[in-house]
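Please take a moment to look over the sequence and the three-dimensional model before reading on. The paragraphs below lead through it step by step.

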Amino acid sequence: LDLFRNRLFAAASASAFVAYVSTFTVVFLMPFYMTQILGYDPEKVGLMLTTLPLTTAVISPLSGMLSDRIGSRALGSIGLGIASVGLVLISRLGVHPSHLQVLESLVIVGIGSAIFQSPNSSAIMGSVRTDMLGIAAGTLATMRNLGMVTGVAISSAIHTSLSLRYIPEFGSPAGHAMAFRAAYIVAAAICAVGVITSAAKGSEQHSGS
């Protein structure tokens, strides 16, 4: 736990947690949104959701190389800011979006997540001594899993509770769409908090060997 006295390590770990809370909302809720509201079949849902990992696979290496030159603080904040915008766009899709609108919003979230992940992971691993790299990697994995679990809990709680209110009042699928929208707005707000925690990393100096 002494590692969290390191400002860079603590801020980067908190940013990772916040990022996974917000972005995993997409992974968890979008399949339900696409099937229940848009009427997509499972095959189409799977194909459309591949835009997230594909975007990450393309952008992350570029972001990692750039972070080696300019550091992770700015890139982390920019990435989470872009992801937050993408989450807001998803919240505004409504009941009858076009396929292109859905894909565009997913790609924006993917771009933001990819810009954030590599620099932030590098910051965490580079902020500790070499004999502490295993603990740093374990902490990063813990933040990732805690973020995913928390994202599922928050998004499902918001959607379920608001569905009970909106579906009787507005009907389905309109009621479902409003519940989904609220969950994504909360996710966007959480992601925006990550912009602040990423900017609070301070100077980036590797602890060395």
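Which backbone oxygen lies 3.2 Å from a polar atom of the side chain of Thr-25? It is the backbone oxygen of Val-21, and the pair is a polar contact, a term that stands for two N or O atoms within 3.5 Å, where within protein one must be able to donate a hydrogen and the other to accept it, and where residues adjacent in sequence count only if both atoms are side-chain atoms. This is a predicted model, in which local features need pLDDT of at least 70 and side-chain atom pairs count only at pLDDT 80 or more, while totals for chains, interfaces and linings use all residues. Residues are numbered from 1 along each chain as its sequence is written, and side-chain values use heavy atoms, with hydrogens and water left out.

Thr-25 is found in helix α1, where helices are DSSP runs (H or I, at least four residues) numbered from the N terminus. With a relative accessible area of 3%, Thr-25 is buried; buried means under 20% relative accessible area, exposed means over 50%, and partly exposed lies in between, using a 1.4 Å probe and protein chains only. Leaving aside neighbours within four places in sequence, Thr-25 is in contact (heavy atoms within 4.5 Å) with Met-30, Gly-151, Ser-155, Ala-183, Tyr-184 and Ala-187.

Helix α1 itself deserves a careful look. At its start, a side-chain oxygen of Asn-6 reaches to within 3.0 Å of the backbone nitrogen of Leu-8. Further along, α1 has a kink of about 40 degrees at Leu-29, shortly before the proline Pro-31, the bend at a residue being the angle between axes fitted to the seven residues ending there and the seven starting there. The end C-alpha atoms of α1 are 44 Å apart, which agrees with the 44 Å that its 30 residues should span at 1.5 Å a residue, since the expected span is 1.5 Å times one less than the number of residues.

The next topic is the nonpolar core, a set of buried Ala, Val, Leu, Ile, Met, Phe, Trp, Tyr and Cys residues joined through side-chain atoms within 4.5 Å. The largest one has 34 residues, of which Val-26, Met-30, Met-34, Val-102 and Leu-106 touch the most other members. Helices α1, α2, α4, α5, α6 and α7 each supply at least two residues of this core, and the largest share, nine residues, comes from α7. A second, separate core of twelve residues includes Leu-3, Ala-12, Ile-124 and Leu-140.

Two serines can be followed in the same way. Ser-67, placed in helix α3 (residues 51–70), is buried, with a relative accessible area of 8%, and a polar atom of its side chain lies 2.8 Å from the backbone oxygen of Gly-64. Ser-84, found in helix α4 (residues 73–91), is buried as well, with a relative accessible area of 11%, and, not counting residues up to four places away in sequence, Ser-84 touches Ala-188, Cys-191 and Ala-192.

A search of the whole structure finds two salt bridges, each being a side-chain nitrogen of Lys or Arg within 4 Å of a carboxyl oxygen of Asp or Glu. One joins Arg-5 to Asp-2, with the closest N and O atoms 3.8 Å apart, and both of these residues are exposed. The other joins Arg-129 to Asp-131, with the closest N and O atoms 3.0 Å apart; here Arg-129 is partly exposed, with a relative accessible area of 43%, whereas Asp-131 is exposed, at 52%.
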